[in-house]
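Welcome, and please open your viewer with the model loaded. We will go from one selection to the next, with a short note on what to see at each.

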Amino acid sequence: MTLDAFRNDIGSIAVEDNPKLVQKKSRDFYWYSPVLKRQLDHVTADLIVSPKSEGEVVEVLAAAHRHGIAITPRGAGTGNYGQAMPLAGGVVLNLAEMNRIIETSPVHVKAETGAILEKIDQQTRAAHGSEIRFFPSTYRTATVGGFVAGGSGGVGSIRWGGLRALGNILGLTVVTCEAVPRVLKIEGADILKVAHAYGTNGIITDVTLPLTAAYDWIDGLVGFPDVMAATRFAEALARQDGILTKEIAVVAAPVAHDYFPHYRRFFERETSLVVVIAAPHAMDALALLAAHHRGDLVYRSDTVPPEEKRQFPPVYELCWNHTTMRGLKVDPSITYLQTQYPDFEHVRRIHEMLGDEMPLHLEMIRFDGRIVFSGLPIVRFTSEERLEEIIAIHENNGCLVFNPHRYTLEEGGMKQTDAGQLAFKGEADPKGLLNPGKMVAWENPDYDFNQKRSWVFAGLQSMD
Ligand code: FAD
């Protein structure tokens with residue numbers, strides 16, 4: 001059998017074939033979406049293969065090419081769109097064991113793909129007083145390679161933008177899936193071909209990221225009697241050039257109270273929150289601005305006695321998709337969207353139209369040099385038809401939606417594939433074995449590259 005021949009060829013590299021364990025590692029957080037849950041629940045690989053070095057990755061990819069075995073890479077499996085799910089079965093390539101931090105300096109870190117983001121920060125903080133520029137709220141579990149291949153931005157994106165911005169990834173090493181796999185050093189514009197490509201364009205074996213100065217960041221919560229006042233403050237804070245923040249998010253009432261039990265004692269159910277992370281020297285100015293906006297700084301981590309601190313999760317785990325996760329624990333029927341509102345008026349209009357059917361959750365970020373309202377609103381899900389209507393309401397009112405209920409690169413609206421991307425895939429994966437089913441442009445020769453829509457990772461055309 002082909003799979004047996006493949007196993008035979010990869011010799012002593014660790015393989016798992018226990019169906020229960022294989023199924024467990026064939027999943028990510030796709031179930032956040034009722035649509036993806038329906039579509040992907042049955043998906044499973046045949047084998048999990050866990051290389052420990054770049055050499056072993058080369059061996060696995062050569063054998064996959066020889067025997068026509070599909071390979072779906074996986075870091076920690078915290079992606080939200082079925083990115084790491086093996087639609088065509090075959091092998092899940094578990095890269096978590098390639099987790100060495102290769103080199104560091106005050107301004108950069110080079111780490112193997114499976115290194116956990118928090119571990120990287122711990123090491124660079126201790127060695128140089130430096131930290132990575134931004135991280136997903138899955139900081140404590142996600143791998144650096146998984147973040148680059150499947151993520152977009154997160155805590156720190158208010159200062160540094162996202163992975164899409166030039167300069168936020170310095171270099172990658174990628175192994176191709178060919179008869180004799182090549183090990184490519186990817187730099188400059190070529191990084192855009194591999195970043196956020198779900199591993200369809202090669203297997204990343206290491207990542208080099210730039211660092212920035214580390215601070216003893218302070219967590220804070222600012223309460224407001226209504227969500228639009230909270231949004232006004234969040235925008236004003238985001239625009240303050242002299243207040244160094246790492247995170248600014250708005251979470252509307254009543255979900256802040258309902259979903260954040262650890263912090264509930266500090267505010268009423270009617271309170272909408274602005275969750276902030278700021279540098280210690282910025283806290284006085286932040287408090288001043290909050291008072292000016294009639295906000296109530298109800299919690300700051302630097303005033304909590306050390307023995308009490310352990311009961312509070314870091315506030316970044318109230319933000320990004322952790323807000324949704326905390327919501328799902330309280331009410332499994334909810335879901336979410338990924339949106340972008342160009343300005344305050346757009347947020348207000350959508351909130352007036354949808355009210356508590358879509359409690360607001362906004363993340364303030366830099367996007368192409370501007371401060372924008374990135375939305376991860378909670379949706380009180382009733383049906384797939386209504387979800388589509390809510391998406392249409394956004395689009396008809398000039399707001400972007402990056403649909404988290406789609407598993408292909410293009411349909412989610414995150415990654416624009418273009419002719420250059422496709423040509424690179426042709427070279428790096430001529431048999432189309434890497435994460436099959438995720439790149440529409442590869443599967444469909446009639447794919448229209450010139451769709452009039454907005455993308456988070458827009459490709460090289462957008463550099464002008
Ligand atoms: P995985 O989920 O294992 O993989 C992600 C994608 O990359 C998959 O397509 C996989 O096939 C591919 N891949 C993995 N490793 C490689 C490799 N070595 N070479 C090629 N391809 C590879 N995302 C954000 O961007 N920002 C957030 O703030 C954020 N918050 C989240 C909060 C929660 C609660 C959850 C569940 C998810 C969140 N995510 C967020 C999504 C996800 O956690 C991040 O993108 C994370 O960085 C993914 O890392 P991972 O190691 O889990 O990758």
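Here is the tour, stop by stop.

Before you start, two notes on reading the model. Residues are numbered from 1 along each chain as its sequence is written. The model is predicted: local features need pLDDT of at least 70 and side-chain atom pairs count only at pLDDT 80 or more, while totals for chains, interfaces and linings use all residues. Helices (H or I, at least four residues) and strands (E, at least two) are DSSP runs, numbered from the N terminus.

**Stop 1: the ligand**

Select the ligand and the 38 residues around it; Gly75, Gly146, Gly150, Gly151 and Gly199 come nearest. A residue counts as near if its C-beta atom, placed from the backbone, lies within 6 Å of the molecule. Which elements each supply at least two residues of this shell? Colour β3 (71-74), α6 (144-150), β10 (203-213) and α13 (320-330) to see them. Helix α6 gives the most, with five residues. By type, the shell divides into 14 nonpolar, 22 polar and two charged residues. Here Ala, Val, Leu, Ile, Met, Phe, Trp, Tyr, Cys and Pro count as nonpolar, Asp, Glu, Lys and Arg as charged, and the others, Gly among them, as polar.

**Stop 2: residues 40-214**

Now select residues 40-214, where an unreviewed UniProt entry places the feature "domain: FAD-binding PCMH-type". UniProt positions are given in the numbering used here, feature names are shortened, and annotations may be inferred rather than shown by experiment. The end C-alpha atoms of this span lie 40 Å apart, and the span is 24% helix and 25% strand.

While you are here, look at His196, in the loop between α8 (191-194) and β10. His196 has a positive phi of about 50° although it is not a glycine.

**Stop 3: the four-stranded sheet**

Next, show the open sheet of four strands, in the order β1-β2-β4-β3 with mixed pairing. Two strands pair if DSSP finds at least two bridges between them. At the edges are β1 (14-16) and β3, each pairing on one side only. From one strand to the next, the twist averages 25°. Zoom in on β1 and β2 (residues 47-50): they run antiparallel and are joined by three bridges. Ala14 has Ser50 of β2 as its bridge partner.

**Stop 4: two helix pairs**

Pick helix α1 (residues 2-9) and helix α4 (residues 54-67), whose axes come within 9 Å and cross at roughly 155°. Axes are lines fitted to C-alpha atoms, for helices over the stretch in contact, and angles run from 0 to 180 degrees between N-to-C directions. That makes α1 roughly antiparallel to α4 (the term covers angles over 145 degrees).

Then move to helix α9 (residues 227-238) and helix α14 (residues 344-354), which pack at about 160° with their axes 11 Å apart. Helix α9 is therefore roughly antiparallel to α14.

**Stop 5: the eight-stranded sheet**

Select the open sheet of eight strands, in the order β14-β11-β13-β12-β17-β18-β16-β20, with antiparallel pairing. The edge strands β14 (296-300) and β20 (400-401) each have a single partner strand, so one side of each is left without a neighbour in the sheet. Inside the sheet order, three bridges join β12 to the antiparallel strand β17 (residues 361-367). Ala249 stands opposite Glu363 in β17.

**Last stop: a cis peptide**

Finish at Pro254, in the loop between β12 (245-251) and α10 (255-259). What kind of peptide bond joins Ala253 and Pro254? The bond is cis, with omega about 0°.

Key
Angles under 35 degrees count as roughly parallel, over 145 as roughly antiparallel, 65 to 115 as roughly perpendicular and the rest as oblique.
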